[in-house]
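Subject: Handover of a structure and a summary of its features

Dear colleague,

Please find below the structure that I am handing over to you.

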Amino acid sequence: MQVSVVVCTYAMERYEAFTEAVESVLAQTHEPLEVVLVVDGNPDVYDRVQADFCGRENVVCHCNEENRGISYSRTKGAELASGDIVAMLDDDAVAEPDWIERLVDVYEDTDAVAVGGDVRPDWQTERPDFFPAEFYWLVGCVEPGFAEDGEEVRNTYGSNISYRREAFLAVGGYDPNTGRKGDKHLQAHEAPVGIRLLEEYGRGMVFTEDAIVHHKLFDYRGDFQWLVFRSFWQGYSKRVMDLLYPDAPDDKGAYLRQLLTYFVPGRLRRLIRSPSTIEAKQVLSIFVFTAAVGLGYLYAMLTPNVVEKANA
């Protein structure tokens, strides 16, 4: 089973992390493997990519004529790929050497149309003591209670996700109006693909905890104000997804209910039994982040033509 791994990048300040990501793909134990590198409209970065990687065997390189965003770039990478499976890795993530091997195991043992794996946090600075593990999904990492090994979900996180290439392209790939594009970031761009795959094939994405990548979390991801802002736009994006796909599974809504009915009560019991400043900070953060998600959702509800604006 041939696999193509797509890694996209766009900024020179991310180049060191991007290099680590690509090297981790080139070191994979699975063969045959193709690597597709897409630079999103930055000729200077593309020049470096060409010098460092494009002369290597089984490496395909492409530069968009202009900045088109992560969703467009990943779909373009899938179009350029030749593998049966197309896997995606963020440019600030590092894959374990057997990452692809473990993903392929699932495809070979099941009829999965898509497979995603575990995304573990790799803090580049000390983890902030107020940050609750239940909100790792805010920074693109797998949170407690996400899924059981082998469970079918709507989608996993973008740092560790793969599809049968023909199926991915058949449902249109990623919507270029979602995902990171300059300062615009309509989040959850993996969700629409997962929903369309469910509608077309009747199957979701299989989660495997054995396929592991480590997602670099730089200092800005530990900034409280940034996390509140991120929570707000997660809520906004959820409202847009609810309008676009009203009958789709509500994975994140279900998790927020689990958070408030299971995780928070457990934390409060521990806090009462053993008072802790750190525990208290994290409980407070959970309420603040959850409130910000709700405000973002409400803001989107009150925004006229919110879907048209999101797609503009």
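How much of the chain over residues 283–302 is helix, and how much is strand? Over residues 283–302 the chain is 100% helix and 0% strand, with the end C-alpha atoms 29 Å apart. Here helices (H or I, at least four residues) and strands (E, at least two) are DSSP runs, numbered from the N terminus.

The model is predicted, so local features need pLDDT of at least 70 and side-chain atom pairs count only at pLDDT 80 or more, while totals for chains, interfaces and linings use all residues. Residues are numbered from 1 along each chain as its sequence is written, and side-chain values use heavy atoms, with hydrogens and water left out.

The chain as a whole

The chain contains 10 helices and 11 strands. Its C-alpha atoms fill a box of roughly 60 × 40 × 40 Å along the principal axes. Of the 312 residues, 53% are buried; buried means under 20% relative accessible area, exposed over 50%, and partly exposed in between (1.4 Å probe, protein chains only).

Annotated regions

Over residues 4–168 the chain is 29% helix and 25% strand, and the end C-alpha atoms are 13 Å apart.

Strand pairing

Strand β8 (residues 161–164) pairs in the antiparallel sense with strand β4 (residues 85–89) over four bridges. Strand β6 (residues 114–123) also pairs with β8 in the antiparallel sense, over three bridges. Two strands pair if DSSP finds at least two bridges between them. In β8, I161 is the bridge partner of M88 and also of G116.

The nonpolar cores

A nonpolar core is a set of buried Ala, Val, Leu, Ile, Met, Phe, Trp, Tyr and Cys residues joined through side-chain atoms within 4.5 Å. The largest has 80 residues, and V5, V7, L37, L89, W99, I100 and Y163 touch the most other members. A second, separate core of seven residues includes V240, M241, Y245 and V306.

Two residues in detail

I100 lies in helix α4 (residues 99–109) and counts as buried because its relative accessibility is 1%. Leaving out residues up to four places away in sequence, I100 touches V3, V5, Q28, H30, L33 and A87; contact means heavy atoms within 4.5 Å. Although I100 and V25 are 75 residues apart in sequence, their C-alpha atoms are 8.6 Å apart in space.

V228 is placed in helix α7 (residues 224–244). With 24% relative accessibility, V228 counts as partly exposed. Beyond its neighbours within four places in sequence, V228 is in contact with V288, F289 and A292. V228 and T29 are 199 residues apart in sequence, and 39 Å separates their C-alpha atoms.

Yours sincerely
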